[in-house]
Amino acid sequence: LLFLELEYIFLTIYSKNSIERGNFTILSLLIRLSKGAILSGDIKRVVGILPKDWFEDFIGLPGTRGLAFDSLPGVLVEESTVRYVAAHEVGHTFGFCEEYDSTAWNKQDGFFGGRCPNGDINDDDILDANCEPQGCPGFTIGKLVPWTNSNESITLNNFMGNGDESKAWISNESYIHLLNKFKTDLTIAENTVLVSGFINLSTNETKLDNVYTLTQRTLTTQDNLESGNHTIELRDNNNNIISNLSFKPMSLTNFFNGSLIDTNSSYFLFVMNSTSNLSKITIKEKNITRVEKNSTPNTPIINITTQLQNQIFDKSFTVTWNSFDLDNDTIQYAILISSDNGATFSTLEIDYPNTSLTINSTNFINSNQYKIKILATDGINTGNDTTETFIIIVFYFEKSSDNSNDEISINQDLIDFGGVFL
């Protein structure tokens, strides 16, 4: 439906049993998902899968099945029987507004300065009357019942509504908007930094998270942002601007079939062009510096000490490493895992403070091409190390037909390895 490049990444906080009420905010979960996707690779959008009824159990929003925050590439959706929830939430990341409620649509349209690209064919800055709650009408087609002479027809509705899932499709105006979005040339840079943080719009408190230096990533461009009173600047050792962006902090949280909430808080996340002589990162509001992070001269050096090459794991295993920084900066880590010899990665931990991590191999697919990659950041400078390949193979036990003994089920993945485990 949306022709998107989506990637699922592993985050242990998705489990019901691993989340305790009060120890997180829903937006911190969402930005963790978004940061993890970009750390994993050059990923444009990411969908995090939550257990059924998670929003009711942990946020107190019964009936809600998804969540998007307009300025982040990640969305959250529950396991659901409604097929288009993920498409609906991802739609918000492309600027689409709600069509099932005129109040929500009007609020979003006002927030974006009259820029809702859907739901207003006559361009009067009001959600069209025939849109809510099903979604704006898209196409009308005849029912395909070849053994009758029925003249019945069915109207398909845009996926930004909240209607019958069997009638969810895409309207012409939404389709054109997406085509124009996809026609925009993407700029991929060799040297980039992932910059994220938080702005309290009531107090102007601004925080910068740990910055990670990354290679071969798609840049956040000014064309993709709503310009505003805030700017972010990267400067080199000579105080020359390397790159900068103007942005309007977004504070609207979109809950599918739930609420549209203005949190008065904003998270931001940008991938920006950088150089080896990056000196400082500054965020300003109306030319007033709100926060500044300075680079130190040395990059952390990290060495993974656990010997994983050709090791076979079928349960839990622990990876350890050591690192040092000549500037004595505090070092934190992002831990990534690959099952295809480093072609793609998934993020296990972000801003991790320890130098060992226990991994439950039963959460992963069988492969003989696993690698672990660890990024070590001192706040800006980022070092990394990657292991040699190792093997994860999970044996599944099944009860025999006479209930006498358990039998090992050897799946096709084992056979594909050439029988080395048999």
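Reply: Strands, like helices, are DSSP runs numbered from the N terminus; a strand (E) has at least two residues and a helix (H or I) at least four. The model is predicted, so local features need pLDDT of at least 70 and side-chain atom pairs count only at pLDDT 80 or more, while totals for chains, interfaces and linings use all residues. Residues are numbered from 1 along each chain as its sequence is written, and side-chain values use heavy atoms, with hydrogens and water left out.

β21 covers residues 332-338, and β22 covers residues 346-352. These strands pair in the antiparallel sense over four bridges, where pairing requires that DSSP finds at least two bridges between two strands. β21 also pairs with β24 (residues 367-377), again in the antiparallel sense, over seven bridges. In that pairing, isoleucine 335 has isoleucine 374 of β24 as its bridge partner. Six of the seven residues of β21 are buried, and the strand is mostly covered. Buried means under 20% relative accessible area, exposed means over 50%, and partly exposed lies in between (1.4 Å probe, protein chains only).

On a 1 Å grid over the protein atoms alone, a pocket is an open set of points with protein on both sides within 12 Å along at least five of seven lines; a cavity is a set of points where a 1.4 Å probe fits but cannot get out, and lining residues have an atom within 4 Å of a point. The second largest pocket holds about 630 Å³ of space; such a volume is the space filled by probe spheres set on the points, which are joined across faces, edges and corners. Its lining has 35 residues, and Thr192, Thr213, Leu214, Thr215 and Thr382 lie nearest its centre. β10 gives the most to this lining, with four residues. By class, the lining has 11 nonpolar, 19 polar and five charged residues. Here Ala, Val, Leu, Ile, Met, Phe, Trp, Tyr, Cys and Pro count as nonpolar, Asp, Glu, Lys and Arg as charged, and the others, Gly among them, as polar.

The largest pocket has a volume of about 1,200 Å³. It is lined by 47 residues, with Arg45, Thr93, Phe94, Lys181 and Asn224 nearest its centre. The elements that give two or more residues to this lining are α3 (85-93), α5 (172-183), β10 (212-218) and β15 (265-273). β15 gives the most, with six residues. The lining divides into 22 nonpolar, 13 polar and 12 charged residues.

A search of the whole structure finds one cavity of 30 Å³ or more, and the largest cavity has a volume of about 40 Å³. Among the residues that line this cavity are Tyr84, Phe159 and Lys167.

There remains the open sheet of three strands, which has the order β18-β20-β23 with antiparallel pairing. β18 (301-304) and β23 (356-360) stand at the edges, each with a single partner strand, so one side of each has no neighbour in the sheet. Four bridges join β18 to β20 (residues 316-324), and isoleucine 302 has serine 323 of β20 as its bridge partner.
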